[in-house]
Amino acid sequence: MQAIARPLARAAPKHVRYAGSLSVWSAVPAGPPDPILGVTEAFKADKDPRKINLGVGAYRDENGKPYVLNAVKKAEEILVQQNPDKEYLPITGLPEFTREAAKLAYGADSAPLKNNAIAVTQSISGTGALRIGGAFLGRFYPHSKTIYLPTPSWGNHTPVFRDSGLEVKNYRYFDKKTVGLDFEGLKEDLKNMPEQSIVLLHACAHNPTGVDPTPEQWKEISDIVKEKKLFPFFDMAYQGFASGSTTRDAFAVRHFVSEGHQVALAQSFAKNMGLYGERVGLFSLVTADPEERARVESQLKIVIRPMYSNPPLHGARIAATILSNQDLYGLWESEVKHMAGRIIDMRHRLHDNLVNLNTPGDWKHITRQIGMFSFTDLTTPQTRALAEKAHIYMTADGRISMAGLNTSNIDYFSESVSKAVKGEL
(Lines give C-alpha, C1' and ligand atoms only; values in the text may rest on other atoms or scores of the structure.)
Protein backbone atom coordinates (compact mmCIF):
# COMPACT_ATOMS: atom_id res chain seq x y z
CA MET A 1 0.00 0.00 0.00
CA GLN A 2 1.46 3.32 -1.10
CA ALA A 3 2.15 5.73 1.70
CA ILE A 4 0.36 9.06 1.51
CA ALA A 5 2.82 11.90 1.56
CA ARG A 6 2.08 14.58 4.09
CA PRO A 7 3.72 17.96 4.19
CA LEU A 8 6.07 18.31 7.09
CA ALA A 9 5.75 21.30 9.35
CA ARG A 10 9.14 22.95 9.55
CA ALA A 11 10.32 25.98 11.37
CA ALA A 12 11.25 28.70 8.91
CA PRO A 13 14.83 29.92 9.05
CA LYS A 14 15.26 33.12 11.02
CA HIS A 15 16.11 35.18 7.95
CA VAL A 16 12.81 34.11 6.36
CA ARG A 17 10.67 34.44 9.49
CA TYR A 18 11.68 38.03 10.15
CA ALA A 19 12.28 39.34 6.64
CA GLY A 20 8.78 40.82 6.38
CA SER A 21 8.83 42.58 9.74
CA LEU A 22 11.31 45.30 8.76
CA SER A 23 12.52 45.96 5.23
CA VAL A 24 16.04 47.17 4.68
CA TRP A 25 14.45 50.05 2.71
CA SER A 26 11.97 51.06 5.45
CA ALA A 27 13.82 54.31 6.17
CA VAL A 28 13.79 55.53 2.54
CA PRO A 29 11.59 58.65 2.40
CA ALA A 30 9.18 59.31 -0.44
CA GLY A 31 10.59 61.77 -2.93
CA PRO A 32 8.65 64.88 -3.95
CA PRO A 33 6.42 64.39 -7.01
CA ASP A 34 7.69 65.71 -10.31
CA PRO A 35 5.73 68.90 -11.09
CA ILE A 36 5.46 68.11 -14.82
CA LEU A 37 4.42 64.51 -14.18
CA GLY A 38 1.73 65.73 -11.80
CA VAL A 39 0.31 68.01 -14.49
CA THR A 40 0.21 65.15 -16.99
CA GLU A 41 -1.46 62.77 -14.51
CA ALA A 42 -4.14 65.33 -13.69
CA PHE A 43 -4.73 65.91 -17.40
CA LYS A 44 -5.10 62.19 -18.12
CA ALA A 45 -7.61 61.77 -15.29
CA ASP A 46 -9.77 64.64 -16.59
CA LYS A 47 -12.66 63.41 -18.78
CA ASP A 48 -13.73 66.82 -20.10
CA PRO A 49 -13.39 66.99 -23.91
CA ARG A 50 -12.11 70.57 -23.73
CA LYS A 51 -9.07 69.67 -21.61
CA ILE A 52 -5.66 71.05 -22.65
CA ASN A 53 -2.22 69.92 -21.46
CA LEU A 54 0.34 72.73 -21.63
CA GLY A 55 2.85 71.12 -19.30
CA VAL A 56 4.53 68.63 -21.61
CA GLY A 57 7.85 69.70 -23.14
CA ALA A 58 7.38 68.04 -26.51
CA TYR A 59 6.17 69.33 -29.86
CA ARG A 60 2.59 68.62 -30.89
CA ASP A 61 1.12 69.07 -34.35
CA GLU A 62 -1.93 71.10 -35.35
CA ASN A 63 -4.15 68.28 -34.05
CA GLY A 64 -2.37 68.05 -30.71
CA LYS A 65 -0.65 64.78 -31.64
CA PRO A 66 3.03 63.74 -31.44
CA TYR A 67 4.83 64.50 -34.68
CA VAL A 68 7.40 62.29 -36.42
CA LEU A 69 9.35 64.36 -38.93
CA ASN A 70 9.27 63.24 -42.57
CA ALA A 71 13.06 63.62 -42.65
CA VAL A 72 13.26 61.09 -39.82
CA LYS A 73 10.94 58.67 -41.63
CA LYS A 74 12.99 58.90 -44.82
CA ALA A 75 16.24 58.45 -42.90
CA GLU A 76 14.84 55.30 -41.31
CA GLU A 77 13.85 53.99 -44.75
CA ILE A 78 17.44 54.46 -45.91
CA LEU A 79 18.74 52.67 -42.83
CA VAL A 80 16.40 49.72 -43.36
CA GLN A 81 17.74 49.33 -46.91
CA GLN A 82 21.31 49.33 -45.59
CA ASN A 83 20.47 46.47 -43.19
CA PRO A 84 22.93 47.69 -40.53
CA ASP A 85 24.16 45.60 -37.60
CA LYS A 86 23.38 46.19 -33.92
CA GLU A 87 26.95 46.13 -32.61
CA TYR A 88 28.15 48.31 -29.74
CA LEU A 89 29.21 51.83 -30.58
CA PRO A 90 32.60 53.16 -29.42
CA ILE A 91 32.51 54.87 -26.01
CA THR A 92 32.34 58.31 -27.65
CA GLY A 93 29.64 57.25 -30.09
CA LEU A 94 29.04 57.13 -33.82
CA PRO A 95 31.83 59.09 -35.58
CA GLU A 96 29.59 60.11 -38.50
CA PHE A 97 27.13 61.61 -36.02
CA THR A 98 29.62 63.39 -33.77
CA ARG A 99 31.32 64.95 -36.79
CA GLU A 100 28.09 66.28 -38.32
CA ALA A 101 26.59 67.38 -34.98
CA ALA A 102 29.68 69.43 -34.14
CA LYS A 103 29.56 71.04 -37.60
CA LEU A 104 25.90 71.94 -37.06
CA ALA A 105 26.68 73.67 -33.77
CA TYR A 106 29.99 75.41 -34.48
CA GLY A 107 29.56 76.03 -38.22
CA ALA A 108 31.55 74.52 -41.09
CA ASP A 109 33.92 77.50 -41.09
CA SER A 110 34.71 77.28 -37.36
CA ALA A 111 38.47 77.60 -36.81
CA PRO A 112 38.67 75.02 -33.97
CA LEU A 113 36.60 72.59 -36.05
CA LYS A 114 38.85 73.02 -39.08
CA ASN A 115 41.92 72.57 -36.85
CA ASN A 116 40.54 69.33 -35.35
CA ALA A 117 40.63 70.97 -31.92
CA ILE A 118 37.10 70.19 -30.69
CA ALA A 119 36.77 67.18 -28.38
CA VAL A 120 33.43 65.44 -28.97
CA THR A 121 31.42 62.58 -27.59
CA GLN A 122 27.93 61.34 -28.28
CA SER A 123 25.71 61.52 -25.21
CA ILE A 124 22.36 60.30 -23.93
CA SER A 125 20.55 63.38 -25.24
CA GLY A 126 21.09 66.82 -23.69
CA THR A 127 20.77 65.63 -20.11
CA GLY A 128 23.57 63.12 -20.65
CA ALA A 129 25.74 65.78 -22.27
CA LEU A 130 25.29 68.04 -19.25
CA ARG A 131 26.09 65.17 -16.89
CA ILE A 132 29.26 64.24 -18.77
CA GLY A 133 30.30 67.89 -18.86
CA GLY A 134 29.66 68.37 -15.16
CA ALA A 135 31.67 65.26 -14.28
CA PHE A 136 34.56 66.26 -16.56
CA LEU A 137 34.70 69.81 -15.19
CA GLY A 138 34.45 68.51 -11.64
CA ARG A 139 37.46 66.27 -12.30
CA PHE A 140 39.65 68.42 -14.53
CA TYR A 141 38.67 72.13 -14.52
CA PRO A 142 41.40 73.49 -12.24
CA HIS A 143 40.04 76.88 -11.25
CA SER A 144 36.60 76.33 -9.73
CA LYS A 145 34.12 73.67 -8.67
CA THR A 146 31.17 76.09 -8.70
CA ILE A 147 28.76 76.53 -11.59
CA TYR A 148 26.40 79.50 -11.84
CA LEU A 149 22.92 78.94 -13.31
CA PRO A 150 20.43 81.60 -14.44
CA THR A 151 17.40 82.25 -12.25
CA PRO A 152 15.25 80.48 -13.23
CA SER A 153 16.73 77.60 -15.20
CA TRP A 154 15.65 74.18 -16.40
CA GLY A 155 14.66 72.24 -13.29
CA ASN A 156 17.07 69.38 -13.99
CA HIS A 157 20.16 71.60 -14.22
CA THR A 158 20.63 71.82 -10.45
CA PRO A 159 20.46 68.07 -9.65
CA VAL A 160 22.55 67.19 -12.73
CA PHE A 161 25.41 69.45 -11.68
CA ARG A 162 25.14 68.71 -7.96
CA ASP A 163 25.29 64.99 -8.71
CA SER A 164 28.34 65.76 -10.85
CA GLY A 165 30.11 67.08 -7.75
CA LEU A 166 29.79 70.80 -8.51
CA GLU A 167 28.46 73.47 -6.19
CA VAL A 168 25.49 75.27 -7.75
CA LYS A 169 24.92 79.01 -7.40
CA ASN A 170 22.75 81.42 -9.37
CA TYR A 171 22.82 84.68 -11.26
CA ARG A 172 19.95 87.03 -12.12
CA TYR A 173 18.26 86.48 -15.47
CA PHE A 174 14.48 86.90 -15.51
CA ASP A 175 12.75 90.15 -14.52
CA LYS A 176 9.28 89.40 -13.15
CA LYS A 177 8.25 93.04 -13.44
CA THR A 178 8.84 93.25 -17.18
CA VAL A 179 8.41 89.50 -17.84
CA GLY A 180 11.67 89.87 -19.76
CA LEU A 181 15.44 89.76 -19.39
CA ASP A 182 17.05 91.39 -16.34
CA PHE A 183 20.05 92.36 -18.41
CA GLU A 184 21.53 94.83 -15.95
CA GLY A 185 21.21 92.34 -13.10
CA LEU A 186 22.72 89.61 -15.26
CA LYS A 187 25.74 91.75 -16.15
CA GLU A 188 26.25 92.87 -12.56
CA ASP A 189 26.18 89.30 -11.28
CA LEU A 190 28.64 88.13 -13.95
CA LYS A 191 31.01 90.95 -12.97
CA ASN A 192 30.73 89.98 -9.30
CA MET A 193 31.50 86.30 -9.81
CA PRO A 194 34.92 85.06 -8.69
CA GLU A 195 37.29 84.96 -11.63
CA GLN A 196 37.37 81.71 -13.62
CA SER A 197 34.00 80.52 -12.29
CA ILE A 198 31.89 78.25 -14.51
CA VAL A 199 28.74 79.88 -15.93
CA LEU A 200 25.88 77.98 -17.58
CA LEU A 201 24.31 79.81 -20.54
CA HIS A 202 21.19 78.82 -22.51
CA ALA A 203 22.26 79.20 -26.14
CA CYS A 204 18.72 79.90 -27.38
CA ALA A 205 15.07 79.46 -26.34
CA HIS A 206 15.76 79.80 -22.62
CA ASN A 207 13.87 77.17 -20.64
CA PRO A 208 11.55 77.91 -18.89
CA THR A 209 11.08 81.61 -19.72
CA GLY A 210 11.51 81.83 -23.50
CA VAL A 211 13.51 85.03 -22.91
CA ASP A 212 16.78 85.31 -24.86
CA PRO A 213 19.43 88.03 -25.06
CA THR A 214 19.71 89.84 -28.37
CA PRO A 215 22.86 89.39 -30.50
CA GLU A 216 24.17 92.72 -29.21
CA GLN A 217 23.53 91.65 -25.62
CA TRP A 218 25.30 88.35 -26.26
CA LYS A 219 28.34 90.34 -27.42
CA GLU A 220 28.32 92.29 -24.14
CA ILE A 221 27.98 89.04 -22.17
CA SER A 222 30.94 87.59 -24.09
CA ASP A 223 33.06 90.64 -23.26
CA ILE A 224 32.29 90.34 -19.53
CA VAL A 225 32.94 86.59 -19.54
CA LYS A 226 36.31 87.25 -21.19
CA GLU A 227 37.17 90.08 -18.78
CA LYS A 228 36.36 87.95 -15.74
CA LYS A 229 38.00 84.83 -17.27
CA LEU A 230 34.78 82.89 -16.69
CA PHE A 231 34.31 79.47 -18.27
CA PRO A 232 31.16 79.37 -20.49
CA PHE A 233 29.17 76.13 -20.58
CA PHE A 234 26.41 76.37 -23.20
CA ASP A 235 23.24 74.27 -23.15
CA MET A 236 21.81 74.23 -26.68
CA ALA A 237 18.70 72.05 -26.64
CA TYR A 238 16.69 73.94 -29.27
CA GLN A 239 18.95 74.79 -32.23
CA GLY A 240 16.64 75.59 -35.14
CA PHE A 241 13.55 75.07 -33.04
CA ALA A 242 13.68 78.57 -31.53
CA SER A 243 13.72 80.88 -34.55
CA GLY A 244 13.43 78.35 -37.37
CA SER A 245 17.06 78.98 -38.36
CA THR A 246 19.86 76.70 -37.14
CA THR A 247 22.38 79.45 -37.94
CA ARG A 248 20.56 82.18 -36.03
CA ASP A 249 20.02 79.96 -33.01
CA ALA A 250 23.74 79.10 -32.86
CA PHE A 251 24.79 82.76 -32.83
CA ALA A 252 25.85 82.88 -29.17
CA VAL A 253 27.97 79.73 -29.32
CA ARG A 254 29.67 80.73 -32.57
CA HIS A 255 30.31 84.29 -31.41
CA PHE A 256 31.91 83.13 -28.16
CA VAL A 257 34.16 80.70 -30.04
CA SER A 258 35.13 83.37 -32.58
CA GLU A 259 36.12 85.59 -29.65
CA GLY A 260 38.54 82.96 -28.37
CA HIS A 261 36.48 81.40 -25.58
CA GLN A 262 37.14 77.72 -24.89
CA VAL A 263 33.49 76.74 -24.46
CA ALA A 264 31.81 73.56 -23.32
CA LEU A 265 28.63 72.68 -25.20
CA ALA A 266 25.71 70.30 -24.60
CA GLN A 267 23.49 69.58 -27.62
CA SER A 268 20.20 67.74 -27.88
CA PHE A 269 18.34 66.41 -30.91
CA ALA A 270 15.13 65.69 -28.99
CA LYS A 271 13.26 68.84 -29.95
CA ASN A 272 14.71 69.84 -33.32
CA MET A 273 14.51 66.31 -34.81
CA GLY A 274 11.69 64.99 -32.63
CA LEU A 275 13.99 62.18 -31.43
CA TYR A 276 12.76 62.39 -27.83
CA GLY A 277 12.87 58.70 -26.99
CA GLU A 278 15.98 57.97 -29.06
CA ARG A 279 18.15 60.01 -26.65
CA VAL A 280 20.52 61.65 -29.13
CA GLY A 281 22.95 64.30 -27.92
CA LEU A 282 26.52 65.56 -28.06
CA PHE A 283 28.98 66.98 -25.55
CA SER A 284 31.95 68.95 -26.86
CA LEU A 285 34.83 71.06 -25.61
CA VAL A 286 36.99 73.53 -27.52
CA THR A 287 40.66 72.73 -26.95
CA ALA A 288 43.94 74.33 -27.99
CA ASP A 289 45.10 71.85 -30.63
CA PRO A 290 44.68 68.25 -31.88
CA GLU A 291 47.07 66.85 -29.27
CA GLU A 292 45.12 68.44 -26.41
CA ARG A 293 41.85 67.28 -28.00
CA ALA A 294 43.09 63.69 -28.02
CA ARG A 295 44.02 63.89 -24.33
CA VAL A 296 40.65 65.40 -23.42
CA GLU A 297 38.76 62.75 -25.40
CA SER A 298 40.76 60.01 -23.67
CA GLN A 299 39.55 61.34 -20.31
CA LEU A 300 35.97 61.73 -21.55
CA LYS A 301 36.05 58.00 -22.30
CA ILE A 302 37.15 57.31 -18.73
CA VAL A 303 34.28 59.47 -17.40
CA ILE A 304 31.70 57.75 -19.62
CA ARG A 305 32.78 54.12 -19.34
CA PRO A 306 31.50 53.51 -15.77
CA MET A 307 28.36 55.59 -16.43
CA TYR A 308 26.84 53.65 -19.35
CA SER A 309 29.75 52.20 -21.39
CA ASN A 310 28.53 53.49 -24.75
CA PRO A 311 25.55 55.39 -26.18
CA PRO A 312 22.45 54.23 -28.12
CA LEU A 313 22.88 53.47 -31.80
CA HIS A 314 19.62 53.92 -33.73
CA GLY A 315 18.93 57.61 -33.05
CA ALA A 316 22.52 58.57 -33.83
CA ARG A 317 22.24 56.82 -37.18
CA ILE A 318 19.03 58.72 -37.94
CA ALA A 319 20.57 62.09 -37.07
CA ALA A 320 23.80 61.34 -38.94
CA THR A 321 21.84 60.29 -42.05
CA ILE A 322 19.84 63.52 -42.02
CA LEU A 323 22.83 65.78 -41.36
CA SER A 324 25.02 64.17 -44.03
CA ASN A 325 22.42 63.86 -46.82
CA GLN A 326 21.84 67.14 -48.68
CA ASP A 327 18.24 66.37 -49.63
CA LEU A 328 17.28 65.14 -46.16
CA TYR A 329 19.06 68.09 -44.55
CA GLY A 330 17.03 70.51 -46.66
CA LEU A 331 13.81 68.68 -45.80
CA TRP A 332 14.70 68.69 -42.10
CA GLU A 333 15.47 72.41 -42.09
CA SER A 334 12.11 73.14 -43.74
CA GLU A 335 10.31 71.02 -41.11
CA VAL A 336 12.15 72.70 -38.25
CA LYS A 337 11.18 76.06 -39.70
CA HIS A 338 7.56 74.90 -39.93
CA MET A 339 7.48 73.74 -36.31
CA ALA A 340 9.05 76.97 -35.07
CA GLY A 341 6.71 78.99 -37.30
CA ARG A 342 3.61 77.26 -35.97
CA ILE A 343 4.63 78.11 -32.41
CA ILE A 344 5.37 81.72 -33.36
CA ASP A 345 1.92 81.94 -35.01
CA MET A 346 0.31 80.67 -31.79
CA ARG A 347 2.16 83.34 -29.81
CA HIS A 348 0.76 86.10 -32.02
CA ARG A 349 -2.73 84.59 -31.98
CA LEU A 350 -2.68 84.32 -28.17
CA HIS A 351 -1.43 87.88 -27.77
CA ASP A 352 -4.05 89.30 -30.13
CA ASN A 353 -6.86 87.33 -28.48
CA LEU A 354 -5.93 88.50 -24.97
CA VAL A 355 -5.75 92.12 -26.13
CA ASN A 356 -9.07 91.89 -27.99
CA LEU A 357 -10.69 90.40 -24.89
CA ASN A 358 -9.52 93.43 -22.88
CA THR A 359 -7.52 91.18 -20.57
CA PRO A 360 -5.85 93.26 -17.82
CA GLY A 361 -2.10 93.58 -18.17
CA ASP A 362 0.50 93.95 -20.91
CA TRP A 363 0.80 90.77 -22.98
CA LYS A 364 3.60 91.83 -25.33
CA HIS A 365 5.94 89.41 -23.58
CA ILE A 366 4.08 86.52 -25.23
CA THR A 367 5.41 87.54 -28.65
CA ARG A 368 8.80 88.74 -27.39
CA GLN A 369 9.59 85.33 -25.93
CA ILE A 370 10.85 82.55 -28.18
CA GLY A 371 10.90 78.76 -28.38
CA MET A 372 8.67 76.09 -26.94
CA PHE A 373 7.93 77.66 -23.57
CA SER A 374 6.39 80.88 -22.37
CA PHE A 375 6.18 82.44 -18.94
CA THR A 376 2.65 83.79 -19.04
CA ASP A 377 2.84 85.85 -15.83
CA LEU A 378 -0.22 83.97 -14.52
CA THR A 379 -0.29 83.52 -10.75
CA THR A 380 -0.53 80.20 -8.93
CA PRO A 381 -4.19 80.81 -7.93
CA GLN A 382 -4.99 81.61 -11.56
CA THR A 383 -3.32 78.42 -12.85
CA ARG A 384 -5.21 76.43 -10.20
CA ALA A 385 -8.52 77.97 -11.28
CA LEU A 386 -7.75 77.18 -14.93
CA ALA A 387 -7.16 73.54 -14.05
CA GLU A 388 -10.17 73.15 -11.78
CA LYS A 389 -12.73 75.16 -13.75
CA ALA A 390 -11.50 75.24 -17.36
CA HIS A 391 -9.63 71.89 -17.54
CA ILE A 392 -6.42 73.63 -18.65
CA TYR A 393 -3.24 72.23 -17.14
CA MET A 394 0.14 73.94 -16.73
CA THR A 395 2.81 74.24 -14.04
CA ALA A 396 1.94 76.36 -11.02
CA ASP A 397 4.40 79.11 -12.01
CA GLY A 398 2.41 79.85 -15.19
CA ARG A 399 4.85 78.30 -17.65
CA ILE A 400 3.13 76.87 -20.71
CA SER A 401 4.31 74.80 -23.64
CA MET A 402 3.25 76.79 -26.67
CA ALA A 403 3.33 73.57 -28.70
CA GLY A 404 0.19 72.45 -26.89
CA LEU A 405 -1.83 75.25 -28.49
CA ASN A 406 -3.42 74.97 -31.93
CA THR A 407 -6.21 76.51 -33.99
CA SER A 408 -8.74 74.19 -32.34
CA ASN A 409 -8.06 75.25 -28.75
CA ILE A 410 -6.38 78.67 -28.88
CA ASP A 411 -9.64 80.62 -28.61
CA TYR A 412 -10.93 78.56 -25.68
CA PHE A 413 -7.58 78.92 -23.94
CA SER A 414 -7.48 82.69 -24.53
CA GLU A 415 -11.01 83.17 -23.22
CA SER A 416 -10.29 81.05 -20.15
CA VAL A 417 -7.08 82.94 -19.35
CA SER A 418 -8.87 86.26 -19.76
CA LYS A 419 -11.59 85.16 -17.35
CA ALA A 420 -9.02 83.87 -14.85
CA VAL A 421 -7.11 87.16 -14.88
CA LYS A 422 -10.38 89.12 -14.48
CA GLY A 423 -11.46 86.83 -11.64
CA GLU A 424 -14.52 85.70 -13.59
CA LEU A 425 -13.70 82.02 -14.08
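Predicted model: local features only at pLDDT ≥ 70, side-chain atom pairs only at ≥ 80, totals over all residues.
Val24 is found in the loop that lies between helix H1 (14-17) and helix H2 (35-45). With a relative accessibility of 68%, Val24 counts as exposed, because the cut-off for that word is over 50% relative accessible area. Together with Trp25 and Val28, Val24 forms a nonpolar patch on the surface, and the accessible area of these residues together is about 390 Å².

## Helix H17 and what follows

Helix H17 covers residues 380-390, and its buried residues are Gln382, Thr383, Ala385, Leu386, Ala387 and Ala390. After H17 comes His391, which has a positive phi, near 65 degrees.

## Thr92, a buried loop residue

Thr92 lies in the loop between helix H3 (70-82) and helix H4 (95-106). Its relative accessibility is 16%, and Thr92 therefore counts as buried, since that word applies under 20% relative accessible area. When its neighbours within four places in sequence are left aside, Thr92 is in contact with Thr98, Val120, Thr121, Gln122 and Lys301.

Lys65 is found in the loop between strand E1 (52-53) and H3. Although Lys65 and Gly404 are 339 residues apart in sequence, their C-alpha atoms are 9.1 Å apart in space. Leaving aside neighbours within four places in sequence, the residues in contact with Lys65 are Tyr59 and Arg60.

Key. Residues numbered from 1 in each chain as written. Heavy atoms only, no water. Patch = residues over 30% accessible without salt bridge, like charges linked within 9 Å, V, L, I, M, F, W, Y side chains within 5 Å. Areas by Shrake-Rupley, 256 points an atom, 1.4 Å probe, with all protein chains shown as cover. Salt bridge = Lys/Arg side-chain N within 4 Å of Asp/Glu carboxyl O. Helix = DSSP H or I, 4+ residues; strand = E, 2+ residues; numbered from the N terminus. Buried < 20%, exposed > 50% of the residue type's maximum accessible area, 1.4 Å probe, protein only. Contact = heavy atoms within 4.5 Å.
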